[in-house]
Amino acid sequence: MSWIELQRLVDQAESDRGLRRNLRRCRSEQELLQSARLLGFRITRHDLHAARVKHRQERRQEQGLAGQSQVG
């Protein structure tokens with residue numbers, strides 16, 4: 001798995017406005033993967049799926065914690 005590559009892409013996109021703009025123009029997962037590969041990042045469809053799952057889990061945890069603090 002190339003999780004490290006995906007993290008590197010995210011880190012670079014956060015600091016590079018041009019890269020971020022180019023990635024936002026992608027209209028499909030395949031386009032995003034192709035763009036990333038052309039830029040030298042070796043990420044896979046599996047990496048994107050794993051990132052989505054992790055993001056959803058983190059959001060659910062945050063929402064659960066926010067709900068608990070409102071109750072108490």
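The model is predicted, so local features need pLDDT of at least 70 and side-chain atom pairs count only at pLDDT 80 or more, while totals for chains, interfaces and linings use all residues. Residues are numbered from 1 along each chain as its sequence is written, and side-chain values use heavy atoms, with hydrogens and water left out.

**Helix packing**

- Helices here (H or I, at least four residues) are DSSP runs numbered from the N terminus.
- Two packed helices are described by the angle between their axes and the distance between the axes.
- H1 and helix H2 (residues 17-24) pack at an angle of about 115 degrees, and their axes lie 5 Å apart.
- Axes are lines fitted to C-alpha atoms, for helices over the stretch in contact, and angles run from 0 to 180 degrees between N-to-C directions.
- The crossing of H1 past H2 is left-handed; that term applies if the near helix is turned anticlockwise from the far one by less than a right angle, and right-handed applies if clockwise.

**Salt bridges**

- A salt bridge is a side-chain nitrogen of Lys or Arg within 4 Å of a carboxyl oxygen of Asp or Glu.
- The count by this rule is three salt bridges.
- Arg-8 and Glu-5 form one of them, at 3.0 Å from N to O.
- Arg-8 and Glu-5 sit three residues apart in helix H1 (residues 3-15), so about one helical turn separates them.
- Arg-45 bridges to Glu-29, with the closest N and O atoms 2.7 Å apart.
- This pair links distant parts of the chain, with Arg-45 in helix H4 and Glu-29 in helix H3 (residues 29-38), 16 residues apart.
- Glu-29 also forms a salt bridge with Arg-52, where the closest N and O atoms are 2.9 Å apart.
- Here too the pair links distant parts of the chain: Glu-29 is in helix H3 and Arg-52 in helix H4, 23 residues apart.

**Accessibility of the bridging residues**

- Buried means under 20% relative accessible area, exposed over 50%, and partly exposed in between (1.4 Å probe, protein chains only).
- Arg-8 is partly exposed at 37%.

- The side chain of Glu-5 reaches the backbone nitrogen of Arg-42 at 3.1 Å.
- Gln-7 also belongs to helix H1 and is partly exposed, with a relative accessible area of 36%.
- The C-alpha atoms of Gln-7 and Phe-41 are separated by 9.9 Å, and the two residues are 34 apart along the chain.

**Asp-47**

- Asp-47 lies in helix H4 (residues 45-71).
- Asp-47 is buried yet has no salt bridge, and the nearest side chain of opposite charge, Arg-37, is 7.3 Å away.
- For charge, Lys and Arg count as positive and Asp and Glu as negative, while His and the chain ends are not counted.
- A polar atom of the Asp-47 side chain lies 2.8 Å from the backbone nitrogen of Thr-44.

Conventions: Helices (H or I, at least four residues) and strands (E, at least two) are DSSP runs, numbered from the N terminus. A polar contact is a pair of N or O atoms within 3.5 Å; within protein, one must be able to donate a hydrogen and the other to accept it, and residues adjacent in sequence count only if both atoms are side-chain atoms.
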